[in-house]
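Biologist: I'd like to learn how to read a model like this one, feature by feature. Can we take it slowly, starting with the terms?

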Amino acid sequence: MDRKHRSAAIRVAVAAPFPEIVRVHEGTAEYADEIEVCAMISSADAVLEQARLLQPDVLLLSDGLGATPSDTLARLGAVAPSTRLVMLVAEAGGDTPVIADAVLRLDASAAEMRAAIVAVTGGQLAQRAAPAAHSRVPTESASQAQAAEPEPGGEEAGAHGHARTVLVFSGKGGVGKSVVATNLATALALRGARVALVDLNLQYGDVGVLLHLESHPITIDAITQQGDAVDAAALEDALATSEHGVRVLLAPSSPESSDLVSAAGLEAILGQLSRTHDVVVVDSPPHLEERVVGVMEVADQILLVSSFGITSVKDAKVTLRLLQSLGIPPDRVALVVNQTRPRLTFSAEEIERTLRFPILSTLPFEPRMEETIESGRPMVVSEPRSGFSRQMALIVDHVGRAQAVSAAPNVRHQAARWRLRFGR
Ligand SMILES: Nc1ncnc2c1ncn2[C@@H]1O[C@H](COP(=O)(O)OP(=O)(O)OP(=O)(O)O)[C@@H](O)[C@H]1O
Ligand SMILES: [Mg+2]
């Protein structure tokens, strides 16, 4: 990863209708060393939610989008207090200049946009190099310091006494969960976090293949055979280590061994990994079962992955309803849309509208994906400047920002009922 470039870049969310958004994006690409477009928002309804999720340094907002500027600015202050607003307006004048940090005409050149973006963030950039005090997982802006100097290991992980647990889930197979989980874990490790990755696709887990760890002899079923309590030393020995430092607990090598992993045993494993890592990423099978619901219950973040296919979007809708019925608050869920095929069936905006849920990251189709899988080197390492890796960075930032939380009692209660239904 080009850390020099990433740490210096000002993160800009562009909110404008098509085709203006494309023009702005192409213009700012000239200044990629200084400006990183972290989101392209083409729906007025999504502006504030994306600003809340991404906390960009600058929101470049076109009045052609139809969002009322004064209203947006007032609410922007509440959801993303340090985000600066640069307006693109069709007509100079009116009251817009008073409320925005800077105002440009719609036909402003790329150089003018760059100058305005740099000007409004001028005082902020020095502060961005410092890691957030509350977080041991570096955010995008804090990545340089932390990646250059990995944190020393320690027994206690996370400011809240346990690691962040991130479950990557979808109700449908083949949408890219394992690709997302391995790239996320690797990117976090590259930023200096201590990362564990658990392959909970217990029958057909692919993490070992994706990270070239197939030859590692110990898998998760060996650990859970010791009963519901976990032996810390045995767990440590069971973890494989990826080329980039992710500690991986592999799925059993044969499907029938998956039954050896009990929900209680899994809970003990996650608890132990939490104590010795900053982030625990859990990859999952494409269906619901007791053990997956158990992880949903304790996860700090659930990344719900959908492809652009109609059945996948339908399944994502069903899953969102399920998560709601489990009592999991929406801010613990993030939607990732992954384009697994070259042609699109839906637009991202249509998916957002259908699901009534904001998209955190839209991963583009990546023709070199199979090559990177064969090489065992995730996209974030082999193609750090690709569109895929840039969109992955949004997920990494999001996980870095999310607080580790304790499962609320009502979540535990609701989930317990589901677990009973799935219990064998
Ligand atoms: N953005 C992308 N561009 C191109 N190909 C992709 C992309 N994302 C995933 N793929 C391809 O899609 C396939 C499925 O990905 P992956 O194994 O991660 O899905 P999954 O959801 O984990 O599947 P399962 O539910 O079976 O575990 C892989 O062959 C991968 O190469
Ligand atoms: Mg998978």
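Modeller: Helices (H or I, at least four residues) and strands (E, at least two) are DSSP runs, numbered from the N terminus. With that in hand, five of the six residues of β4 are buried, so β4 is largely enclosed by the rest of the structure. Keep in mind that this is a predicted model: local features need pLDDT of at least 70, side-chain atom pairs count only at pLDDT 80 or more, and totals for chains, interfaces and linings use all residues. Residues are numbered from 1 along each chain as its sequence is written, and side-chain values use heavy atoms, with hydrogens and water left out.

Biologist: Which strands does β4 pair with, and over how many bridges?

Modeller: Two strands pair if DSSP finds at least two bridges between them. Here β3 (residues 58-62) and β4 (residues 84-89) run parallel, joined by five bridges, and L61 has M87 as its bridge partner in β4. On to β5: β4 pairs with β5 over four bridges, again in the parallel sense, and V86 stands opposite A102 of β5.

Biologist: What is the strand order in the open sheet?

Modeller: Five strands, parallel, in the order β2-β1-β3-β4-β5. β2 (35-41) and β5 (102-105) are at the edges with a single partner strand each, so one side of each has no neighbour in the sheet. From one strand to the next, the twist averages 25 degrees. Helix α3 (residues 47-54) packs on the sheet, touching β1 (10-15), β2 and β3, and its direction makes about 140 degrees with that of β2. Contact means heavy atoms within 4.5 Å; axes are lines fitted to C-alpha atoms, for helices over the stretch in contact, and angles run from 0 to 180 degrees between N-to-C directions.

Biologist: How do I read a helix pair, say α15 and α16? At what angle do they pack?

Modeller: At about 35 degrees, with the axes of α15 (residues 310-325) and α16 10 Å apart. V313, A316, K317 and L320 of α15 meet I351, T354 and L355 of α16.

Biologist: And the core? Which residues have the most contacts inside the largest one?

Modeller: A nonpolar core is a set of buried Ala, Val, Leu, Ile, Met, Phe, Trp, Tyr and Cys residues joined through side-chain atoms within 4.5 Å. The largest has 62 residues, and L184, L188, L197, V248, V281 and L303 have the most contacts inside it. Helix α9 (residues 177-190) gives the most to this core, with nine residues. Apart from it lies another core, of 44 residues, including L235 and V293.

Key: Chains lettered and ligands numbered in written order. Buried < 20%, exposed > 50% of the residue type's maximum accessible area, 1.4 Å probe, protein only.
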